Amino acid sequence: MDHRTDSRADDLVAEAANALASAAPAGWAELALSVSATVLAYDFAVTVRDERGADPGQVVLSPVVTDAFQELRGVLYEEDRGTWFSARMVLRPGTRPEVSFNYDEDPRWWPALHPTTFVRDLEVFPRSEEHIPPWLRAILDEGAALEHEHEATGPQR
C-alpha cells in the first residue's frame with residue numbers, strides 16, 4: 001500500500017468512528033460494529049454497552065458509516081490478495097478506534113448468500129489463486145457451475 005491509500009483508509013475509519021460515536025446513546029462505554037461485505041451485499045450490526053454491560057439504547061447507522069465501509073473495500077484492495085470480507089470496529093470513549101479487516105476467513109453470512117455473489121465480488125476485486133481460501137474456492141466453483149447450468153438452459157420463456 002502507498003501512503004495515499006493508508007491516509008484515505010485512516011480518514012474513512014475516522015469519519016466512520018466519529019459518526020458512530022455521535023449516534024451512540026448517552027452512557028455508552030463500548031460500541032462494536034461488525035460488517036460483512038461483497039460488491040452486492042452488505043450487512044452492518046452494532047452492539048452497544050454501558051459500564052455495567054447493559055444495552056443503553058439503539059444506534060442508528062448514518063450513511064457516513066455505511067458509505068465509509070463500502071469505500072474501504074476499494075481503498076484496501078490489494079492486487080493478488082483481494083479485499084476484505086468482514087470488518088470490526090470497536091469504540092470506547094477517549095481511545096482510538098480498534099479496527100480489524102478479515103481478508104481470508106469465511107464471514108459466515110446468515111442466511112448464506114447465493115454463490116454467484118462471490119463470483120461477482122471476485123470479478124471486481126480479483127485474487128490470485130494462492131489468495132483464494134478453500135471456503136471461497138468451494139463457493140466460487142459452485143457459483144461457476146450454476147452460471148454454466150443457467151447459460152446451458154438458455155432464457156426461460
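Two strands count as paired when DSSP finds at least two bridges between them, and with that in mind I would like to begin with strands S3 and S4, which run antiparallel and are joined by five bridges. Please keep in view that what we are looking at is a predicted model.

Within that pairing, Ser86 has Asn102 of S4 as its bridge partner, while Ala87 stands opposite Phe101, also in S4. The two strands form a hairpin with six residues between them, and in the turn Gly94 has a positive phi of about 80 degrees. On its other pairing, S3 meets S1 in the antiparallel sense over six bridges, and here Ser86 of S3 has Ser36 opposite.

Taking the sheet as a whole, we have an open arrangement of four strands in the order S2-S1-S3-S4, with antiparallel pairing. Which strands stand at the edges? They are S2, residues 42–49, and S4, residues 98–102, and because each has a single partner strand, one side of each is left without a neighbour in the sheet. From one strand to the next the twist averages 10 degrees. S3, for its part, is mostly covered, with five of its six residues buried.

If we follow Trp84 and leave aside its neighbours within four places in sequence, we find contacts with Val35, Ala37, Phe69, Leu72, Arg73, Leu76, Phe101, Asn102 and Tyr103.

Finally, let me turn to a pair of helices. Two packed helices are described by the angle between their axes and the distance between the axes. For H3, residues 115–124, and H4, residues 134–153, the angle is about 105 degrees and the axes are 7 Å apart; since angles of 65 to 115 degrees count as roughly perpendicular, that is how H3 and H4 are therefore described. On the H3 side the contact is made by Pro115, Thr116, Phe118, Val119, Arg120 and Leu122, and on the H4 side the contributing residues include Trp135, Leu136, Ile139 and Glu142. Taken together, the residues of this contact divide into ten nonpolar, two polar and three charged.

Notes:
Residues are numbered from 1 along each chain as its sequence is written. This is a predicted model: local features need pLDDT of at least 70, side-chain atom pairs count only at pLDDT 80 or more; totals for chains, interfaces and linings use all residues. Side-chain values use heavy atoms; hydrogens and water are left out. Contact means heavy atoms within 4.5 Å. Axes are lines fitted to C-alpha atoms, for helices over the stretch in contact, and angles run from 0 to 180 degrees between N-to-C directions. Angles under 35 degrees count as roughly parallel, over 145 as roughly antiparallel, 65 to 115 as roughly perpendicular and the rest as oblique. Ala, Val, Leu, Ile, Met, Phe, Trp, Tyr, Cys and Pro count as nonpolar, Asp, Glu, Lys and Arg as charged, and the others, Gly among them, as polar. Buried means under 20% relative accessible area, exposed over 50%, partly exposed in between (1.4 Å probe, protein chains only).
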